[in-house]
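Subject: Structure handover

Hello,

The structure is below, followed by notes on what was found in it. Please read them alongside the model.

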Amino acid sequence: MSLLSVMEIGLMFWAGPDPVATIQGVKAYGLRCGQLGIPGDYKMDAAAWKRALDAEKFTIVTVFAGYAGEDYADIPTIQRTVGWIPPATRAEREKRTYEISDFAAAIGVKSIALHVGFVPEDKTDPNYIAVREMVRRVADYAAKNGQTFALETGQEPAPILLKFFEDVARPNLRINFDPANLILYGSGDPIEAMGLLSKYVITVHCKDGNWPPKDKPGALGTEMALGKGAVGIDRFIAKLKEVGYRGPLTIEREIEDQNQKREDVKMAIGLLERLRG
Ligand code: MG
């Protein structure tokens, strides 16, 4: 990370079977850093990844954990399947998270991150208590690996996340701030949320989206190409400068159509280069 410049542009990408090919796919955009997502069923080969990163002179800023069985179709499905909230998969996902932390440590990455799912507002909710304890254990485990542990924003409003952070009270607990998620989940204005959470923000996603349709309860909003949604990416970058953020600007674009994705990522790089100044 020390080799990167202030607000260096990167990409959120997912591990493929061949680490070299995966990294070269990101470098093809002219980028030299990114956040690596690990699919739930991915077999992690730290030695192969380490070799590939060294050979390609590429920096992974964060390793993101995904879990087998997660489904982001709509809000009720997310509540049922994503992160640490569903009790049935909690223990296996905790074990998997330790493996992710160890993998990240073995390839020299100082931060792990994930979606815990919707943190309940009620502090006496058994799911709240179980997830808080698990966040503490994973944060402590990551600390032993010399890592920060970041939760991704958006599934709950910023004030709830802030209270949760204060309750967890772990010095290496951080936020991966995704402005689009706050809009897609209808959780509040991302610029206001950044104001509230900035002291915990270690990394950001540069992603855009529109609010959920009002006539379809439980539906998510629609992710959009950067600059085409309701985030107001110029306001977002201005806010990052205002709060003194110096970390990477990691583009995230989650659509099936790979040709469209390539076009959108290229466009996003150009846009961020201009806004970053
Ligand atoms: Mg994100």
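**Strand S5 and its neighbours**

Ile112 has Phe149 of S5 as its bridge partner. The model is predicted: local features need pLDDT of at least 70, side-chain atom pairs count only at pLDDT 80 or more, and totals for chains, interfaces and linings use all residues. Residues are numbered from 1 along each chain as its sequence is written, and side-chain values use heavy atoms, with hydrogens and water left out.

Strand S4 (residues 111-114) pairs with S5 in the parallel sense over 4 bridges; pairing requires at least two DSSP bridges between two strands. Strands (E, at least two residues) and helices (H or I, at least four) are DSSP runs, numbered from the N terminus. From S4 the chain passes through helix H5 (residues 126-144) to S5, a right-handed β-α-β crossover (clockwise from the first strand over the helix to the second, with the strands pointing away from the viewer).

On S5 (residues 148-152), 5 of the 5 residues are buried, so the strand is largely enclosed by the rest of the structure. Buried means under 20% relative accessible area with a 1.4 Å probe, protein chains only. Thr148, Ala150 and Glu152 point one way from S5, and Phe149 and Leu151 the other way.

S5 also pairs in the parallel sense with strand S6 (residues 173-177), over 4 bridges. Glu152 has Asn176 of S6 as its bridge partner. S5, helix H6 (residues 158-168) and S6 form a right-handed β-α-β unit.

Regards

Methods:
Buried means under 20% relative accessible area, exposed over 50%, partly exposed in between (1.4 Å probe, protein chains only).
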